[in-house]
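Dear colleague,

I am passing on the structure we spoke about, with its sequence alongside. Please look through it first, and then read the notes that follow.

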Amino acid sequence: MAIAFDQITSDTATPTSLSVTLGASATVLVVFYAGTGGDPATASYGGNALTKQVTATVPVAGDPVSCWTLLNPQI
């Protein structure tokens, strides 16, 4: 199984949103968030909630970075 990078986006809107298209064989969706507006409370794809795996703080800037996942992300 290969891991593929899809995109990076910069969005200052609240809530932040981005559009991704997953292949039919996708088994996991991994989303990394880094921002100055605070750590999001929730994340979703196709109406399905992602699970927050970890949150950390960037040492110099103090901004949050978090990782979210969704298994079998077919919609």
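Of the contacts in the protein with a separation of 6 or more, 55% are accounted for by residues 24 or more positions apart. Please keep in mind that this is a predicted model, and that every value given here was computed from it.

As for the secondary structure, the protein has five strands and zero helices, and its elements, read from the N terminus on, follow the pattern β-β-β-β-β.

Three of these strands form an open sheet, in which the order is 1-5-4 and the pairing is antiparallel. The edges of this sheet are strand 1, covering residues 28–34, and strand 4, covering residues 51–57, each of which pairs on one side only. From one strand to the next, the twist averages 15 degrees.

Strand 5 spans residues 64–71, and six bridges join it to strand 4, the two running antiparallel.

Turning to burial and surface, how much of the protein counts as buried? Of its 75 residues, 17% fall into that class. The accessible surface of the protein comes to about 5700 Å², and carbon and sulfur atoms hold 58% of that area.

How values were computed
Residues are numbered from 1 along each chain as its sequence is written. This is a predicted model: local features need pLDDT of at least 70, side-chain atom pairs count only at pLDDT 80 or more; totals for chains, interfaces and linings use all residues. Side-chain values use heavy atoms; hydrogens and water are left out. Two strands pair if DSSP finds at least two bridges between them. Helices (H or I, at least four residues) and strands (E, at least two) are DSSP runs, numbered from the N terminus. Axes are lines fitted to C-alpha atoms, for helices over the stretch in contact, and angles run from 0 to 180 degrees between N-to-C directions. Buried means under 20% relative accessible area, exposed over 50%, partly exposed in between (1.4 Å probe, protein chains only). Contact means heavy atoms within 4.5 Å. Accessible areas come from the Shrake-Rupley method with a 1.4 Å probe; for residues, only the protein chains shown count as cover.
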